[in-house]
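Here is a short report on one protein chain.

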Amino acid sequence: GVACLWGPAHGGANEACLNMLEGLQANGGVAKVGEFMEKVKDKTSGVRLMGFGHRVYKNYDPRATMMQETCREVLDALGLHNDPLFKLAMEVERIALEDKYFVDRKLYPNVDFYSGIVQRAIGIPTSLFTAIFALARTVGWIAQWNEMLSDPDYKIGRPRQLYTGAAVRDVK
C-alpha cells in the first residue's frame, strides 16, 4: 500500500502542487498566472494543473476549504502572512473558479492544493511529504487489517497477503 502512494496523483500530490507553484513563482509569479492557466487549457502544452479535481469529490472538496483556512492560520502564526506561494495559490484558485473551462470540468481545488504550503511552512522537507501522507493513514490501515482478520466471514483476504518469511533475522 505504501508503495502505491509514490507519484503526483495521490500520495505525492501535495508535493506536485508545491513544485508547480514554485515553478510558476520562478517564472513570473502572480503576473503570469493567467498565461499559465491558458497553457493548462491547451492540451498540447504539456502543462498540468496540480491539486485540482478529485475522483470522489466531484464539486469543491470540503477538505480543501479547511486546508485553506489552516494554511492561512499557520502562515499567520509563523508571521508569514505575505507568503508568496500562498498568494500565488489564491490567484490560481480564483482564476480556476471563474473560468468556464475549469468549472465545466468540475476542476476545483482539492485538499492537496494547500497542504504542501502548510507542510513547507512548518519545516517538513518536501521529500517527506509522501511519508507524512502515509503516516497519517497508518492507524486506519492497521484497524482495517485487524477488522479483516477478526471477521470469519470476510472473504476478500488472500493468503498471499500474509507474511510467511523468516520470523527472526540476524542484523549486523
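## Fold

The protein chain has seven helices and zero strands. From the N terminus on, the order is α-α-α-α-α-α-α. Helices (H or I, at least four residues) and strands (E, at least two) are DSSP runs, numbered from the N terminus.

This is a predicted model: local features need pLDDT of at least 70, side-chain atom pairs count only at pLDDT 80 or more, and totals for chains, interfaces and linings use all residues. Residues are numbered from 1 along each chain as its sequence is written, and side-chain values use heavy atoms, with hydrogens and water left out.

## Burial and contacts

Of the 172 residues in the protein chain, 35% are buried (under 20% relative accessible area, 1.4 Å probe, protein chains only). Take the contacts (heavy atoms within 4.5 Å) with a separation of 6 or more: 73% join residues 24 or more positions apart.

## Nonpolar core

The largest nonpolar core holds 33 residues. Such a core is a set of buried Ala, Val, Leu, Ile, Met, Phe, Trp, Tyr and Cys residues joined through side-chain atoms within 4.5 Å. Those with the most contacts inside this core include Leu21, Val92 and Ile117. Helix 1 (13-26), helix 2 (33-41), helix 3 (62-77), helix 4 (84-98), helix 5 (100-104) and helix 6 (112-121) each supply at least two core residues. Helix 4 gives the largest share, seven residues.

Which residues does Ile117 touch, leaving out those up to four places away in sequence? Among them are Leu18, Leu21, Cys71, Leu75 and Phe86.

How values were computed:
Buried < 20%, exposed > 50% of the residue type's maximum accessible area, 1.4 Å probe, protein only.
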